[in-house]
Amino acid sequence: MGDLLGVAVLGAGHMGADHIRRLDQVVSGARVAAVADPDRARAEAAVAGLDHVTVHTDPVAALDAPGVAAVLIASPAPAHEEALLAAFARRLPVLCEKPMVPDSAGALRIMEAELGAGRRLAQIGFMRRYDAEYRRLKALLDGGRLGRPLMLHCTHRNVSSPADFTSAMLINSSVSHEIDAARWLLGQELTAVTVLRPGPSAGAPGGLLDPQFALFETERGALVDVEVFVNCGFGYQVRCEAVCEAGSARIGDEHTMVVTTRGGARQEVAQDYLVRFAAAYDREVQAWVDATRRGEVTGPGAWDGYAASAVAEAGVRALETGQRVAVDLAPRPALYAGR
Ligand SMILES: NC(=O)C1=CN([C@@H]2O[C@H](COP(=O)(O)OP(=O)(O)OC[C@H]3O[C@@H](n4cnc5c(N)ncnc54)[C@H](O)[C@@H]3O)[C@@H](O)[C@H]2O)C=CC1
Ligand SMILES: O=C1[C@@H](O)[C@H](O)[C@@H](O)[C@H](O)[C@H]1O
């Protein structure tokens, strides 16, 4: 047990509990050493049957628990900044669920703290970079066979949204995935955003502006559009089509079983991200554990978390004002060069 990476998991809700199961049963080289959740019963339930795990209601106490050498943050986004800063103060490497923080000022504080630590410590949970389909698309675009990418058409649908979901969260929680994926796929920063919305769906909880349609501009003239619809009621659908000068490529069509019976065929549709992206989360956490054990950070980092927060913040302003909003990105520190 001594040579396994001891991980403190902060937050034992949907993602935290799933990551605890993953660390315990799927990933090699790590173990859950501590868990923290203000809801103690939830934390205890998430680690039931695991040995040598301490349970805390205070996340900072979990960082100081015996055997903790790394941290996985799966608390709600407003709690991420405090947890990241506490981890950095202890030089603990972190895998932090997206969004890194909800606002760009908080994201700048995170980068400053990491720069103060003198080395990269944080990986942000943009798991699409570990999804097999997204990786194929990235390799195809990088290979140049399709020519210069002109547009990405993206769809992001959830069956339903959590009770506390706000109209801003369609952008800074849900679309944060497309913001990161577009930056990564195109190798470009996003420079401006416009958000339109049809009349809300009858399926949207009162007051929620759902669906929305975001249009991003990039630094080298590409366009990225995203339909986000978090109470569509019928399926978890995440699609992306790249349209390039010499061809197009599309990922995310249902990749599940097709059952044909007399007179018709029926195709399954995933109902949530834990199913659609199960393998991506597995690869993401294994890659993080492996890199952490080597003393490295190889995945999307604090710069990517910052860029996503800054673009999302502009997107929320675009939603609220109905205007096109330019993204104001700080200069990229040398620590994050080339990523
Ligand atoms: N990568 C992905 O596809 C997904 C990422 N997420 C992200 O994961 C994070 C958690 O989301 P969910 O698990 O869906 O939320 P959740 O609401 O199911 O669970 C959050 C848990 O954190 C606990 N908590 C609240 N404050 C805390 C604190 N200060 N320290 C420790 N725990 C605290 C809550 O009691 C709750 O048990 C969010 O950042 C969210 O954006 C969520 C869903 C999918
Ligand atoms: O990250 C996620 C959630 O937080 C978000 O609320 C969902 O819209 C996304 O599909 C899921 O991947």
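This briefing describes the domains, sheets, core and local backbone features of one protein model.

The model is predicted; local features need pLDDT of at least 70, side-chain atom pairs count only at pLDDT 80 or more, and totals for chains, interfaces and linings use all residues. Residues are numbered from 1 along each chain as its sequence is written, while chains are lettered from A and ligands numbered from 1 in the order in which they are written. The protein is divided into domain 1 (5-127 + 279-300) and domain 2 (130-273 + 307-311), with bounds that come from an automatic or database domain assignment.

**Domains and their contact**

- The centres of domain 1 and domain 2, taken over C-alpha atoms, are separated by 26 Å.
- In the contact between the domains, 17 residues of domain 1 meet eleven residues of domain 2; two residues are in contact if their C-beta atoms, placed from the backbone, lie within 7 Å.
- On the side of domain 1 that touches domain 2, the elements giving two or more residues are α5 (104-117) and α10 (278-293). Helices (H or I, at least four residues) and strands (E, at least two) are DSSP runs, numbered from the N terminus.
- Helix α10 supplies the largest share of that side, five residues.

**UniProt records**

- An unreviewed UniProt entry lists residues 6-121 as "domain: Gfo/Idh/MocA-like oxidoreductase N-terminal". UniProt positions are given in the numbering used here, feature names are shortened, and annotations may be inferred rather than shown by experiment.
- Over residues 6-121 the chain is 41% helix and 19% strand, with the end C-alpha atoms 16 Å apart.
- The unreviewed entry also lists residues 138-327 as "domain: Gfo/Idh/MocA-like oxidoreductase C-terminal".
- Over residues 138-327 the chain is 34% helix and 28% strand, and its end C-alpha atoms lie 24 Å apart.

**Six-stranded sheet**

- Six strands form an open sheet with parallel pairing, in the order β3-β2-β1-β4-β5-β6; two strands pair if DSSP finds at least two bridges between them.
- At the edges stand β3 (54-56) and β6 (122-124), each of which pairs on one side only.
- From one strand to the next, the twist averages 25°. Axes are lines fitted to C-alpha atoms, for helices over the stretch in contact, and angles run from 0 to 180 degrees between N-to-C directions.
- Strand β1 (residues 5-10) runs parallel to strand β4 (residues 70-73), and four bridges join them. L10 has I73 in β4 as its bridge partner.

**Seven-stranded sheet**

- A further open sheet has seven strands in the order β12-β11-β7-β10-β9-β8-β15, with mixed pairing.
- The edge positions belong to β12 (247-251) and β15 (325-326); each has a single partner strand, so one side of each is left without a neighbour in the sheet.
- Helix α11 (residues 302-321) packs on this sheet and touches β8 (190-196), β9 (212-218) and β15, its direction making about 30° with that of β8.
- Strand β7 (residues 149-157) pairs with strand β10 (residues 223-229) in the parallel sense over seven bridges. The bridge partner of T155 in β10 is E227.

**Nonpolar core**

- The largest nonpolar core has 97 residues, of which V7, A8, V9, V35, V71, V94 and V311 touch the most other members. Such a core is a set of buried Ala, Val, Leu, Ile, Met, Phe, Trp, Tyr and Cys residues joined through C-beta atoms within 7 Å.
- Helix α11 gives the most to this core, with twelve residues.
- Leaving aside its neighbours within four places in sequence, A8 is in contact with A33, A34, A36, A62, L63, A65, V68 and V71.

**Local backbone features**

- The peptide bond from K98 to P99 is cis, with omega near -20°; P99 lies in the loop between β5 (94-96) and α5.
- D210 and P211 are also joined by a cis peptide bond, with omega about 10°, and P211 lies in the loop between β8 and β9.
- H52, a residue other than glycine, has a positive phi near 60° and is placed in the loop between α2 (40-46) and β3. H52 counts as partly exposed because it has 13 C-beta neighbours inside 10 Å. A residue is buried if 20 or more other C-beta atoms lie within 10 Å of its own, exposed if 12 or fewer, and partly exposed in between, with C-beta atoms placed from the backbone.
- R91 is not a glycine, yet has a positive phi of about 55°; its place is in the loop between α4 (80-89) and β5. With 10 C-beta neighbours inside 10 Å, R91 counts as exposed.
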